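Please open the structure in your viewer and keep the selection tool at hand. The tour visits a ligand and then a strand.

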Amino acid sequence: HKHSTSTQDNIVQHITNENDGEVMEAIDTNPPRGTRDFTPEDMRLRSWLFQNFREVSRLLSFEEVDFPVLESEALFIRKAGEEITQQLYNFEDKGGRRVVLRPEITPSLARLIMKQGKSLSLPLKWYTIGQCWRYERMTRGRRREHYQWNMDIIGISKVRAEAELIYAAVLLFERLGITASDVGIRVSSRKVLQAVLEKYSIPQHLFTKVCVIVDKLNKIPIDEIQNELISVGVSLGAVKGIIEVLSLKSFPELEAILGSDKEGVADLKKLFFFAEDYGFSQWIQLDVSVVRGLAYYTGIVFEAFDRDGKLRAICGGGRYDKLFSMFGGDDTPACGFGFGDAVIIELLKDKGLLPNLSHKVDDIVFPLDGELEGPASRIASALRRNGRSVDLIEDKRLKWVFKHAERIGANRLILVGNSEWQQGMVRVKDLSTREESNVKIEELC
Ligand SMILES: CC(=O)Nc1cnc2ccccc2c1
């Protein structure tokens with residue numbers, strides 16, 4: 001009989017084996033809360049997406065790098081109240097070290113650049129695809145891990161770098177069949193917000209906190225935003241001014257408020273100018289409400305969104321010229337973006353753009369009776385050495401083998417039979433033309 005006790009996190013069933021009364025614990029087959037397994041079908045879709053990330057990185061001459069998922073907690077301790085630093089998946093290891101499962105990639109990248117110091121010749125264009133973690137109360141049932149494609153350009157201070165990054169994202173979208181009518185990219189610059197703070201003579205040290213709060217616009221009610229701004233020390237007049245500027249959507253409006261000589265406005269105008277040459281003008285729009293929620297952005301910031309407004313941001317990034325000096329390093333200009341593996345898949349589903357990926361095998365090799373298993377292995381081995389993927393079958397009935405061949409979409413079914421083998425032949429059924437023929441072993445390729 002079964003009697004099960006269930007706890008929140010893992011259901012463990014005690015199956016009492018009546019024969020010898022021994023309790024055999026059945027493991028909980030679910031992965032840890034907020035994490036996913038990838039079945040072969042899931043993995044084909046993920047690999048297809050990641051292959052596209054890699055191809056775009058190659059097209060833009062980015063080099064692949066990688067970092068440990070485990071990092072020192074110190075790398076992510078920031079005082080700006082970001083959600084990402086309030087949900088650190090942190091713990092103390094057996095050596096008493098404070099460590100985390102990284103919530104993002106950029107700090108690790110900065111760490112490696114600093115570690116390599118003068119030996120690196122700038123500029124660098126690096127990319128990685130890595131799993132990131134957060135620990136949030138499961139009340140929201142959100143995932144605790146996702147994979148992110150990160151693209152970063154280190155050592156270029158001009159806006160051309162941001163144009164390359166936005167172009168990379170656009171190229172990825174186009175490769176997946178997504179168009180500028182499906183997705184837009186909101187672009188702004190934190191220097192615009194900085195100009196507003198100066199206009200209201202708000203002290204510089206509030207800049208990062210204001211950005212993190214303002215990033216929650218359109219996510220939490222406007223009066224909560226105002227309260228949070230006031231609570232960090234922004235005057236009511238300045239709060240009104242900030243909210244007003246954030247609603248601007250055109251350069252004339254922006255210049256009317258800030259003047260056209262402002263660095264932030266000039267940067268954005270350059271970006272929109274470059275967009276013409278790159279061919280991504282249709283994708284971008286000025287939207288001053290975009291600040292992104294990470295403390296270290298200092299200049300242009302951008303995020304891709306679905307024009308139906310059903311999904312969270314698809315990807316996002318910006319310039320972070322102060323991150324290296326924050327870590328005690330030189331003032332190295334940098335910009336980059338992160339592109340998650342979850343929202344993009346939801347978008348592709350909504351647009352009917354999910355690819356139909358099946359398990360591909362070139363040949364199925366099947367010995368028609370027991371003592372032909374040796375020859376069958378010999379044939380499979382020769383074919384594999386020639387680069388063909390082979391599924392060598394045994395202990396199955398021929399009926400099953402035919403169905404299996406159809407199911408996994410093999411190109412050829414190679415049957416090793418006695419009489420044919422005596423003449424150095426095998427029977428080959430081409431599964432696309434359905435032709436059957438006897439083929440010499442050496443002609444099998
Ligand atoms: C849609 C989704 O899975 N978002 C997600 C999931 N896990 C994360 C883990 C760390 C940082 C951000 C994350 C974001």
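A residue is near a molecule or strand if one of its heavy atoms lies within 4 Å of it. With that in mind, select the ligand: surrounding it are Pro103, Cys132, Trp133, Arg134, Arg143, Arg144, Glu145, His146, Arg312 and Ala342. This is a predicted model, in which local features need pLDDT of at least 70 and side-chain atom pairs count only at pLDDT 80 or more, while totals for chains, interfaces and linings use all residues. Residues are numbered from 1 along each chain as its sequence is written, and side-chain values use heavy atoms, with hydrogens and water left out.

Next, select Arg143: an N or O atom of its side chain lies 3.2 Å from an oxygen atom of the ligand. At Glu145, a polar backbone atom is 3.5 Å from a nitrogen atom of the ligand. A polar contact is a pair of N or O atoms within 3.5 Å; within protein, one must be able to donate a hydrogen and the other to accept it, and residues adjacent in sequence count only if both atoms are side-chain atoms.

Now move to strand 15, residues 363–367. Strands (E, at least two residues) are DSSP runs, numbered from the N terminus.

Finally, which residue of strand 17 stands opposite Phe366? Leu415 does.

Technical notes:
Buried means under 20% relative accessible area, exposed over 50%, partly exposed in between (1.4 Å probe, protein chains only). Helices (H or I, at least four residues) and strands (E, at least two) are DSSP runs, numbered from the N terminus. Two strands pair if DSSP finds at least two bridges between them.
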